[in-house]
Amino acid sequence: MTARSSPPILVTGGAGFIGSNFIRVWLAREVAPVINLDKLTYAGNLENFSDLTNQRHEFVHGDIGDIVLLKKLLARVRPRAIVNFAAESHVDRSIHGPGDFIATNVVGTFHLLECAREYWLHLDKAERDTFRFLHVSTDEVYGTLSADDPAFSETNAYLPNSPYAASKAASDHLVRAWYHTYGLPVITTNCSNNYGPYQFPEKLIPLMIHNAITGKPLPVYGDGLQIRDWLHVEDHCEAIRCVLTAGQLGETYNIGGNSEKANIDVVHTLCDILDAEHPRSDGQPYKTRIAFVKDRPGHDRRYAIDATRIKNELGWTPKETFESGLLKTVRWYLANSTWTDRVISGAYRDWIQKNYSAR
């Protein structure tokens, strides 16, 4: 099937970190065009696509909470699938301003589901049978684990501990309900901590890289012993493609990197890589810049993902080890420091004025 004859997919939140990486992976592997709907809040960055000349990528500036826009867009592009990345996603921001998280992650998902349901109901039978709504979520909905607890599986109860996690848990419940009540063909994925290129530099790994190469302290919350399962973003994107193609309707798939690491160990590994790839001018190791800071409220101690189901049912496993993925990530940020500088300064927003608003 050619790109011209293949129905597009609609990706919401496609200008963010995971969404933009997914679009890049999709365009490299698939023939179907991508319609990218993004509100372009602080983390949405169209410079993530500045090197793409692919005519199969169309950007639409808009909010998943805008019902009029959604209905018009669905009627115009007639997607065969919706992949929903649109979300406010940073725990720290949710602590200081939870309202935006409720508006986007809960109310926005509700509006998107309702518009998708109306669109799906008016498709012919063959199109209804192949349509999919894939909702991308997080392991944080499951709460926290002790050191000896087994990793989160798809049957774990939801026990969110932050406003962000609670808002994502609510959205997951809505998606499940729209399947069981209305029959909307949905699938949910819950992933562990992602890392890789184009990540907004307030998250741990890009923040540490930026601070290290600009001579700033490397702030680590509390004792640094909080444990996360780390998943390279391109592995995550391949898993989503796999679930979209063959996942069971109404089901959930946990996606993890099989790489549990304490935050302080992540920072130490980053420092070691930077010592080799970008040595300090004074010859000192980067570890001397580590600074422990006051822990954030409600900081979950451990997350871990059991990805047995997606491996057994769909044959997916991550290709990157933590060490190989982290080395690739550090090298990307070192080679793309201008991208990070423009995000830090806010200059990346100039794209809207120079390109989008003029059209």
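**Close-up views of a predicted model**

**View 1. Helix α7 and what covers its buried residues.** The cover over the buried residues of α7 includes β7 (193-195), β8 (218-221), β9 (227-232), α9 (263-277), α11 and α12 (337-345). This is a predicted model, where local features need pLDDT of at least 70, side-chain atom pairs count only at pLDDT 80 or more, and totals for chains, interfaces and linings use all residues. Residues are numbered from 1 along each chain as its sequence is written, and side-chain values use heavy atoms, with hydrogens and water left out. Helices (H or I, at least four residues) and strands (E, at least two) are DSSP runs, numbered from the N terminus. Helix α7 covers residues 204-213, and seven of its ten residues are buried. Buried means under 20% relative accessible area, exposed over 50%, partly exposed in between (1.4 Å probe, protein chains only). The buried residues are Ile205, Pro206, Met208, Ile209, His210, Asn211 and Ala212. Just after α7, Gly215 has a positive phi of about 75°.

**View 2. Helix α8, end to end.** How far apart are the end C-alpha atoms of helix α8 (residues 233-246)? They are 20 Å apart, which agrees with the 20 Å that its 14 residues should span at 1.5 Å a residue. The expected span is 1.5 Å times one less than the number of residues. Helix α8 is mostly covered, with eleven of its 14 residues buried. Among them are Val233, Asp235, His236 and Cys237. Glu238 and Arg241 are also buried.

**View 3. Thr109 in helix α4.** Thr109 sits in α4, residues 98-121. Is Thr109 buried or exposed? Thr109 is buried, because its relative accessible area is 1%. Its side chain reaches the backbone oxygen of Asn105 at 2.8 Å. Leaving aside neighbours within four places in sequence, Thr109 is in contact (heavy atoms within 4.5 Å) with Ile64, Asn84, Thr104, His135, Ser171 and Val175.

**View 4. Trp332 in helix α11.** Trp332 belongs to α11, residues 322-335. Trp332 counts as buried because its relative accessibility is 16%. Not counting residues up to four places away in sequence, Trp332 touches Pro197, Tyr198 and Trp339. Asp282 is 50 residues from Trp332 along the chain, and their C-alpha atoms are separated by 23 Å.

**View 5. Confidence along the chain.** pLDDT is the predictor's confidence in each residue, from 0 to 100. The chain has a mean pLDDT of 93, and 95% of its residues reach 70 or more. Over residues 355-359 the pLDDT is below 50. Beyond near neighbours in sequence, this stretch has five contacts in the model.

Note on methods: A polar contact is a pair of N or O atoms within 3.5 Å; within protein, one must be able to donate a hydrogen and the other to accept it, and residues adjacent in sequence count only if both atoms are side-chain atoms.
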